[in-house]
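Dear colleague,

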Amino acid sequence: MIEKDIKKQYENIAKLAVEVASERLGSDIVLLDTSGVSSFSDYFVIISAETDRHIDSIATDITRAIRDEKIHISHKEGSGSGGWMLLEFSGLVVHIFKKNIREYYDLEGLWNRAKEILRLQ
C-alpha cells in the first residue's frame, strides 16, 4: 500500500508540473507514466517553450511550485540558452525544450511504450 501511495504522490506532483507549465503558456505538454518502462522515474513531463527565457521561466516556476509541496529538486541539467532543460525530482523528470530541439530528441518516440496520461496542446 505504501508503494501505491508514493506513486500517487509522484503522479500528483507531475500533474502540478503540468498545471504550472500550462499557466506559464508552455505548449504541447505531455505527461507520461514511465513506471513500467523506466528504472529511474515513474513520470515524465515534456513541455515545449518558445524562447530561452521561456524555458528558464517555466523551469523556475515548476521548481518553486514543487518545492512548496516539500519536494526538492535532485538534479538540474541544461539551460534555456541551450534550448532545453531537465529537472529531476523524486519519481519525476521534467523536460522543457524549444520546439526544434524537442523534435530532434523525440522523447515521445523514444519512450513510446510509456502510457500517455494526458496531453495539452
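In this predicted model, the side chains of Lys 99 and Glu 50 meet in a salt bridge, with an N to O distance of 3.2 Å. Lys 99 belongs to helix H3 (residues 99-105), whereas Glu 50 sits in the loop between strand E2 (43-49) and helix H2 (52-67), so the pair ties together parts that are 49 residues apart in sequence.

A second contact joins Asp 52 and Lys 98, whose side chains form a salt bridge at 3.1 Å, N to O. This pair, too, links distant parts of the chain, since Asp 52 is in helix H2 and Lys 98 in strand E5 (residues 92-98), 46 residues apart. Both partners count as partly exposed, Asp 52 at 27% relative accessibility and Lys 98 at 25%.

Beyond these pairs, there is also a network: Asp 28, Arg 102, Glu 108, Glu 116 and Arg 119 are joined into one by salt bridges that share partners.

A further salt bridge is formed by the side chains of Glu 23 and Arg 24, at 3.5 Å from N to O. Here Glu 23 has a relative accessible area of 47% and is therefore partly exposed, and Arg 24, with a value of 34%, is partly exposed as well.

For the overall tally, a search of the whole structure finds 12 salt bridges, and the pairs described above are among them.

Conventions: Residues numbered from 1 in each chain as written. Predicted model: local features only at pLDDT ≥ 70, side-chain atom pairs only at ≥ 80, totals over all residues. Heavy atoms only, no water. Salt bridge = Lys/Arg side-chain N within 4 Å of Asp/Glu carboxyl O. Buried < 20%, exposed > 50% of the residue type's maximum accessible area, 1.4 Å probe, protein only. Helix = DSSP H or I, 4+ residues; strand = E, 2+ residues; numbered from the N terminus.
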